[in-house]
Amino acid sequence: QNKEFVCRGHDYERLEAFQQRMLNEFPHAIAMQHANQPDETIFQAEDLQIYAVTPIPENQEVLQRDGIPDNIKSFYKVNHIWRFRYDRPFHKGTKDKENEFKSLWVERTTLILVQSLPGISRWFEVEKREVVEMSPLENAIEVLENKNQQLRTLISQCQTRQMQNINPLTMCLNGVIDAAVNGGVARYQE
């Protein structure tokens, strides 16, 4: 009915399984495989546009404070969430074959719900959507900040002996220090 919802799937449910469950519930619908803004023809059809969204926690202070156990941080990352987002990368201008990051922009869509998830229901309607474009520089900075946060979490888990095996930290460090994928850190420095 041309409405937008955020639905919390079952625990450990993959996107493909969720999509199949929705298609079983709405047998006349056709699943669209992209997260682009639908055009007018799609509004007339019985199509379902299903894609994964990332929760945006409200309580950033709890997540960034040192000394708070990881299980408490994990709770606040996915509970009492009003805002969700998804990103759609695209190239603006001519694509540099040597360094694709130079022209890689991100269209970030933020969805604001009428009520926080989880609630009485496992899904709530989107009340408002905001779309912004992130420049290649903003995108690169965010990727690096996320990687730094991932490293801090792994280091903290090793220090508090929550992780018996340090292989995840070693692999993550190798991926950062000797990043060979897509030209590595040198492409970001450019």
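**Helix α5 and its setting**

Reply: In this predicted model, the buried residues of helix α5 are Pro136, Asn139, Ala140, Glu142, Leu151, Leu154 and Cys158. The helix covers residues 136-159, 24 residues in total. At 1.5 Å a residue, α5 should span 34 Å, and the 35 Å between its end C-alpha atoms therefore agrees with that expectation. After α5 comes arginine 161, which has a positive phi, near 60°.

A record also bears on this part. An unreviewed UniProt entry lists residues 134-161 as "coiled-coil region". In the model, that span is 86% helix and 4% strand, with 38 Å between its end C-alpha atoms.

The wider setting is as follows. The protein has 7 helices and 7 strands, in the order β-α-β-α-β-β-α-α-β-β-β-α-α-α along the sequence. Of its 190 residues, 28% are buried. For contacts between residues at least 6 apart in sequence, 53% join residues at least 24 apart.

The largest nonpolar core consists of 10 residues: Val6, Tyr51, Ile81, Phe84, Tyr86, Leu111, Leu113, Leu117, Phe124 and Val126. At least two residues of this core come from each of β5 (81-91), β6 (104-117) and β7 (123-134). Within the core, Phe84 has contacts that include Val6, Leu111, Leu113 and Leu117, and also Val53, Thr54, Pro55, Ile56, Thr109 and Thr110, leaving aside residues up to four places away in sequence. In soluble globular proteins, nonpolar side chains tend to be buried together.

Finally, the accessible surface of the protein is about 13,500 Å², and carbon and sulfur atoms account for 52% of that area.

Methods. Residues are numbered from 1 along each chain as its sequence is written. This is a predicted model: local features need pLDDT of at least 70, side-chain atom pairs count only at pLDDT 80 or more; totals for chains, interfaces and linings use all residues. Side-chain values use heavy atoms; hydrogens and water are left out. A nonpolar core is a set of buried Ala, Val, Leu, Ile, Met, Phe, Trp, Tyr and Cys residues joined through side-chain atoms within 4.5 Å. Buried means under 20% relative accessible area, exposed over 50%, partly exposed in between (1.4 Å probe, protein chains only). Contact means heavy atoms within 4.5 Å. UniProt positions are given in the numbering used here, feature names are shortened, and annotations may be inferred rather than shown by experiment. The expected span of a helix is 1.5 Å times one less than its number of residues. Accessible areas come from the Shrake-Rupley method with a 1.4 Å probe; for residues, only the protein chains shown count as cover.
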